[in-house]
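Here's a quick tour of one structure, written for someone who likes to click along. Have a look at the sequence and the model, then read on.

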Amino acid sequence: MGIWSCLGTDLESVRQSLYTGHSGIGIQAERLTYGYRSALTGIVPQPVITRQMLDRHTRAGMSEEAQYAYMASRQAFEQAGIDDAYLREHEVGCIFGNDSSAKPVIEASKIMDEKHDSALLGYGFIFQAMNSTVNMNLSTIFHLRGINFTVSAACASGSHSIGMALMLIRQGLQDVVLCGGAQETNYYSMASFDALGAFSVRMDAPEQASRPFDRDRDGLIPSGGAAALVLEDYDHAVKRGAPILAEVAGYGFSSNGGGISEPSDEGSVVAMSRALKDAGVRVDDVDYINAHATSTLQGDMYEAIALNRLFGGSRALISSTKSMTGHECWMAGASEVVYSVLMMRNNFVAPNINLENRDEWSEPLNLTASTVDMEVNTVLSNSFGFGGTNSALVIRKP
């Protein structure tokens with residue numbers, strides 16, 4: 001696995017942030033100058049990619065989210081024991097979740113509006129602006145010759161990418177797939193969300209602003225970065241002596257079929273139930289649920305109703321790591337699997353911070369507002385997005 005997020009830019013620093021309930025949310029004053037209602041965002045360090053790492057020609061075609069994904073993927077391949085020689089000699093696929101690339105589109109438009117000369121746009125804009133910018137760059141940089149496409153499914157993109165990789169490997173079509181999710185964090189990328197009034201304006205206390213399931217929440221906080229996972233056929237991994245971190249045991253999906261921005265408890269239940277059935281596990285087998293809960297009224301409410309329908313009275317602990325990260329959008333479904341595996345391997349459940357006054361729908365849930373030291377063998381991770389797309393993954397300790 002690899003991670004580049006507001007909680008840290010390596011697995012160990014992210015593990016520490018999760019365990020201590022550290023928030024990565026802060027203020028980006030430029031958002032207010034640009035015209036946002038809220039300056040809150042996950043503070044994600046910008047990667048420094050030197051010419052020793054990649055040549056100038058390659059860097060010119062990399063969007064912000066592609067840079068994040070490159071840094072995370074370097075970590076993932078290193079931990080997997082996969083080097084350049086292996087990548088050149090074997091077929092490795094690439095499926096990443098990404099649903100926008102706003103910055104290069106807007107910057108190119110500004111140049112055209114001002115100069116009226118497309119020759120001034122330069123070489124890199126087209127490769128930065130395409131929705132497949134992450135896959136194109138990763139496949140080129142790492143010499144990947146297997147499956148290569150982008151999953152564009154709103155805030156379930158990263159989760160669906162893992163599900164797609166799982167299906168291809170199960171079918172025997174690929175042995176190894178690099179998958180994950182990436183999300184740009186520049187202020188261009190989220191203005192339309194801000195226009196919806198979806199963001200918290202609790203700017204006097206940024207670390208307390210993301211409050212999933214809390215009755216006093218006032219909106220989500222945008223965030224981003226990238227998470228990368230190397231999925232591999234079990235026998236193939238054992239044969240080459242790979243360090244196996246966890247098993248992706250089940251994938252479930254559904255679509256709500258309703259309003260474009262309306263969540264659904266029924267759609268959530270269908271996706272979760274399919275994931276459990278696919279993994280061959282029962283409700284009582286689940287130790288921890290990483291909830292999608294983004295700190296919005298409707299989203300948290302419908303997920304709480306769905307969780308209570310399926311897990312009411314069960315022993316599974318529930319938390320939303322978005323209380324610490326904010327909403328990592330297209331990356332979230334992948335990063336939350338990374339967070340869950342870190343918990344699994346280190347025997348703890350991360351807290352749902354800022355949960356001071358539960359709302360009426362989450363009151364019956366087995367939520368934890370503090371870190372719990374416990375053995376975690378089976379995890380369910382939820383991801384839901386605009387357009388009614390739902391994805392759920394079951395992860396098991398090997």
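## Around methionine 301

Let's start with methionine 301, which sits in helix H13 (residues 297–311); helices here are DSSP runs of H or I with at least four residues, strands are runs of E with at least two, and both are numbered from the N terminus. Methionine 301 is buried, its relative accessible area being 14% (buried is under 20%, exposed is over 50%, partly exposed is in between, with a 1.4 Å probe and protein chains only). Leaving aside residues up to four places away in sequence, methionine 301 touches Arg217 and Trp361, where contact means heavy atoms within 4.5 Å. Its C-alpha atom is also 8.4 Å from that of aspartate 359, a residue 58 places away along the chain.

A word on the ground rules: this is a predicted model, in which local features need pLDDT of at least 70 and side-chain atom pairs count only at pLDDT 80 or more, while totals for chains, interfaces and linings use all residues. Residues are numbered from 1 along each chain as its sequence is written, and side-chain values use heavy atoms, with hydrogens and water left out.

## Two crossing helices

How do H1 and H15 sit relative to each other? Helix H1 (residues 11–20) packs against helix H15 (residues 332–346) at about 80 degrees, and their axes are 10 Å apart. The axes are lines fitted to C-alpha atoms over the stretch in contact, and angles run from 0 to 180 degrees between N-to-C directions. That makes H1 and H15 roughly perpendicular (65 to 115 degrees; under 35 is roughly parallel, over 145 roughly antiparallel and the rest oblique).

On the H1 side, the contact uses Leu11, Val14, Arg15 and Leu18, which meet Val338, Tyr339, Leu342 and Asn346 of H15. Sorted by class, that's six nonpolar residues, one polar and one charged. Here Ala, Val, Leu, Ile, Met, Phe, Trp, Tyr, Cys and Pro are nonpolar, Asp, Glu, Lys and Arg are charged, and the others, Gly among them, are polar.

## Aromatic pairs

How many aromatic pairs does the structure hold? There are eleven, with Phe, Tyr and Trp rings (the six-membered one for Trp) pairing if their centres lie within 6.5 Å; planes under 30 degrees apart are stacked, over 60 edge-to-face and the rest tilted. One of them joins tyrosine 34 and tyrosine 188 edge-to-face, 5.5 Å centre to centre with 80 degrees between the planes. Tyrosine 34 is in helix H2 (residues 30–34) and tyrosine 188 in the loop between strand E6 (176–183) and helix H10 (191–195), so the pair links parts 154 residues apart in sequence. Tyrosine 34 is partly exposed at 38%, whereas tyrosine 188 is buried at 13%. Ring pairs also gather Tyr34, Tyr36, Tyr187 and Tyr188 into a cluster.

With a disulfide taken as a pair of cysteine sulfur atoms within 2.5 Å, the count is zero. For cysteine 6, the nearest cysteine sulfur belongs to cysteine 329, 11 Å away. The sulfur of cysteine 155 has its closest partner in cysteine 329 too, at 4.6 Å, which is too far for a bond. Cysteine 6 is buried at 9% relative accessibility, and cysteine 155 is buried at 8%.

## Positive phi

Most residues other than glycine have a negative phi. Phenylalanine 213 has a positive one, about 70 degrees, and is buried at 0% relative accessibility. Asparagine 354 also has a positive phi, near 65 degrees; it lies in the loop between strand E11 (348–349) and strand E12 (372–373).
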